[in-house]
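This report is meant for a reader meeting the structure for the first time. Please look over the sequence and the model before reading on.

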Amino acid sequence: MIEKPHLRLAKRKIELLVLINILLVYFLASATPSQALDPTKFSVSSSETISTVNSNGILKIYLSTFKPNETVNFRIHSDNTDTVTLVSGSDKLALPAAQSFHFSIVSGSLLAASALFKPIKEFKNQSGAVVIQIFPAPSDIPVISTSGDTSLINKREILSTPVVADGSYVIDSIGTSIKFFARSDKNLIGFRKLSDSPITDGLGGVPVYGFLEQKDFDVTATSLGTWTILDSHFQTVEQINQIQTKFGTMMPEGHDIAVAPSGNVVVITTPTRSVDSSWLKRGYKLPILDCNIAEIVNGKAINQFSFWDWAVANKAVSEPLIDAMPLFNDPQNPNSPIDICHANSLQYFKATNQYLISLRSPSILMILSPNLKTVKSIIPTDGSLQHFAKFVSAKEITALGNFSLDKFSKFMDFKLVNGAWTLKETPLPVHVQYCGNTQFIDATHIWLGGGCGAFSPATLGAVYKISGGAFLQSGVLKMTVFNYSYRADLLP
């Protein structure tokens, strides 16, 4: 049968419409938002430091700091070639190509351990697939937990500097929650509260906390870098990275920081010096690494104490101390300067208007005048290579006796009796090696924190009860996945 022309035309129109519908369905299927939206074509900026990772089709954004009750602003820019639709909760946004959008997140007063790895905000595409997640902390942040009886410390701040595989943290924790943290790809050290004396205002507010970011590891006996000074809200108010001293312009050192009675910051500097050591029985064939304590104003030292200069001026006292101490060279660099003093804690004590300095290499504590000009007392520490000496009162000082070469550690309690400092030593159940700190919690308990290998890998510190002249562990503060923390300060 011959098909009539008008019927043949109508049939072709129908076939064409069917083909168009098939092509349209194919196009819509291939251009759904879940396929057109490419998470790798988003870029992110924030009012706080962040890191980003694209993983399994999701852009993951990690905050590198947490500050209490802070508004954190974000800007996300799309380099997708078409308009994409983002859905967050009940909010829906059509974001054109090459455009940005802004939003804010407000933190709470504390960051709970249970919330560390949960996204605080998510964006999905129209199909409901997650494409962007924001997390409150990096994926390698140590998680805090407790074991045993830690009731004496659960409500107190602890300042620690845990080192992880590819960087380190400063963490201010209360119990198992975090009050503040900051992460760096470098080594962070010296995190402490500046409570020695009322401090002069910085450029942006009143300083309360400080920590140092280490520049490099040229000499492992030192930790040169930049001090970051924070206010009570953990906002940066000042940074200290260059000090003009009598030995030239130097970077500060991170073992400790203090506040002078004037309100000025006091830091440790470590000049390398070529000196005449012929007056010693064991003269030095290499330069020395000195300790120079400097009170600074606007980056200039106005008062200074050099251990070597003091030693030269007081040979009758210093020569037996220096000749008796082991020689310390950097094990990674046998031609490094000889570490003759190694100041590892520094405190100004208001009640006596004096400084207390722990010098590890000669195993002594030194009490200095408030202008850093006069040595008031020298306190031997039984060859302990001690750390973290602190005035408890005008007549009592505690320190951690590391005894690193003998491979044991002791709690050291110095008391001033009839004008002389007497020492009571109590062995600790663990060896703290070359770092760490200890202090009284109350009359019958002590805190031992930090330490290079002092505890199992998952422990930051422990509470010990004093019983019968010995220490019995009553509870531990644990941290997952960290190598060590130089120290862990338990605040009042």
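The C-alpha atom of threonine 146 is separated by 25 Å from that of threonine 426, which is 280 residues away along the chain.

## Basis of the model

The model is predicted, and local features need pLDDT of at least 70, while side-chain atom pairs count only at pLDDT 80 or more and totals for chains, interfaces and linings use all residues. Residues are numbered from 1 along each chain as its sequence is written, and side-chain values use heavy atoms, with hydrogens and water left out.

## Two open sheets

Three strands, in the order β1-β5-β8, form an open sheet with antiparallel pairing, two strands being paired if DSSP finds at least two bridges between them. Because β1 (42–46) and β8 (100–106) stand at the edges with a single partner strand each, one side of each is left without a neighbour in the sheet. On average, neighbouring strands of this sheet are turned by 25 degrees against each other, direction ignored, the axes being lines fitted to C-alpha atoms, for helices over the stretch in contact, and angles running from 0 to 180 degrees between N-to-C directions. Strand β5 (residues 71–78) runs antiparallel to β1 and is joined to it by five bridges, and histidine 77 in β5 is the bridge partner of serine 43.

Another open sheet has five strands in the order β4-β14-β13-β12-β40, again with antiparallel pairing. Its edge strands, β4 (65–66) and β40 (485–490), each pair on one side only. Strand β12 (residues 157–164) pairs with β40 over four bridges in the antiparallel sense, and serine 485 in β40 is the bridge partner of proline 162.

## The two sides of helix α4

In helix α4 (residues 315–324), the buried residues are Ser318, Glu319, Ile322 and Asp323. They cover an arc of only 120 degrees around the axis, so they lie on the same side of α4; the arc is that of the directions from the helix axis to the C-beta atoms. These buried residues pack against α3 (307–313), whereas Ala316 and Ala324, on the other side of α4, are exposed.

Conventions
Buried means under 20% relative accessible area, exposed over 50%, partly exposed in between (1.4 Å probe, protein chains only). Contact means heavy atoms within 4.5 Å.
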